[in-house]
Amino acid sequence: MDRRRFLKGLGIGTAGVVGVAAPAGAYTVGQQRGASTIVGDYAQSVNAGQRRGAVTVWWSVDTDSKVLALTFDDGPTSQFTASVLRVLGQYHVPASFFLIGELVQRRPDDVRRMLDEGHEVANHTFDHYSATRQSPAETLSTIERGADVIAAISGTRPRWFRPVRGHVTGALVDAATEVGHDIAMWSVSRDPGIGTAADDVDGVRTNYIEGIHDGGIVIFHDGIGRSAFEFSGPDELLLTQRRAELAALPDVIERYLADGYEFLGISDLIDRHAPNH
Ligand SMILES: [Zn+2]
């Protein structure tokens with residue numbers, strides 16, 4: 001399926017990929033481009049309807065229960081993963097880690113620790129290139145390799161996949177399905193498209209706290225994309241953004257707990273609170 005047909009399947013019509021003012025539940029390319037606001041009452045799922053049957057892309061779950069899933073992308077890294085695990089352990093809350101395969105190979109002990117401590121691990125590709133920059137064959141390959149390096153540690157391919165930068169293409173949906181994944185996006189982030197500065201810890205904290213909703217999927221990062229392993233070295237802007245997210249993390253968790261939210265792994269969130277999927 002090509003991208004336009006995929007977007008049509010999501011109810012977007014023939015609009016372009018970037019800059020779409022997406023209706024509730026529709027495709028988003030990720031908030032960093034300001035394409036849409038994804039905080040709020042998104043439909044719990046969207047059927048992409050492709051050749052192997054319907055695929056559900058999850059932004060959040062439509063529920064009246066005070067539940068959420070905390071998720072972390074781009075790890076494991078030396079800079080952030082250990083401190084994230086420490087904070088999660090301190091509050092006794094589970095999370096789901098969307099891992100970059102290249103980094104899984106370098107830091108398998110971090111992945112073992114995630115599993116040992118009750119967290120869910122998931123696939124965020126092997127090489128962290130956007131599917132919009134890859135051929136369908138490359139997209140399949142990077143998803144497959146990402147799943148397999150995790151399986152080499154955990155024993156099974158992970159259930160969940162998250163697209164790099166939230167870029168969803170028809171080839172990506174095909175590939176993720178072929179590898180056996182469900183696809184998870186997010187509904188709550190550091191910046192719901194309002195231009196929060198990279199180092200604005202107060203602003204980031206407020207965005208997470210004000211953005212939360214029942215059934216929300218919250219995105220944090222314990223890594224810095226490809227710059228964690230590229231020769232050119234760490235991306236300073238990403239490092240600043242990530243530091244701000246993680247500086248806000250303890251307060252955000254405390255607030256969610258004080259508001260009565262139950263923290264669930266991504267599979268438990270879907271399986272327990274989206275009975276019709
Ligand atoms: Zn990422």
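Two residues are counted as in contact when heavy atoms of theirs lie within 4.5 Å. On that basis, residues 24 or more positions apart account for 69% of the contacts in the chain with a separation of 6 or more.

**View 1. Overview of the predicted model, with its nine helices and nine strands**. The chain has 277 residues, of which 57% count as buried.

**View 2. The zinc ion with its protein donors Asp74, His124 and His128**. The donor atoms are OD of Asp74 and NE2 of both His124 and His128, lying 2.1 Å from the zinc ion. Along the sequence these donor residues follow the spacing D-x49-H-x3-H. Because Asp74 belongs to strand E3 (residues 67-75) whereas His124 sits in the loop between strand E5 (120-123) and helix H5 (136-154), the pair ties together parts that are 50 residues apart in sequence. Asp74 and His124 are both buried.

**View 3. The cis peptide bond from Gly75 to Pro76**. Most peptide bonds are trans. The bond that joins Gly75 to Pro76, by contrast, is cis and has an omega near 0°.

**View 4. Thr125 and His92, two residues with a positive phi**. Most residues other than glycine have a negative phi. Thr125 is buried, with a relative accessible area of 3%. His92, likewise not a glycine, has a positive phi of about 55° and is found in the loop between H2 and strand E4 (96-99). With a relative accessible area of 71%, His92 is exposed.

**View 5. The crossing of helix H7 (residues 201-211) and helix H8 (residues 236-258)**. The axes of these two helices come within 9 Å and cross at roughly 40°, and the crossing in which H7 passes H8 is right-handed. From H7, the contact is made by Val201, Val204, Arg205, Tyr208 and Ile209, while the residues that H8 brings to it are Ala244, Glu245, Ala247, Ala248, Asp251, Val252, Arg255 and Tyr256. Sorted by class, the residues of the contact of H7 with H8 comprise nine nonpolar and four charged ones, with no polar residue among them.

Note on methods: Residues numbered from 1 in each chain as written. Predicted model: local features only at pLDDT ≥ 70, side-chain atom pairs only at ≥ 80, totals over all residues. Heavy atoms only, no water. Axes fitted to C-alpha atoms, helices over the stretch in contact; angles between N-to-C directions. Helix = DSSP H or I, 4+ residues; strand = E, 2+ residues; numbered from the N terminus. Left-handed = near helix turned anticlockwise from the far one by under 90°. Nonpolar A, V, L, I, M, F, W, Y, C, P; charged D, E, K, R; others polar. Donors = N, O, S within 2.8 Å, 3.2 Å for Na, K, Ca; no water. Buried < 20%, exposed > 50% of the residue type's maximum accessible area, 1.4 Å probe, protein only.
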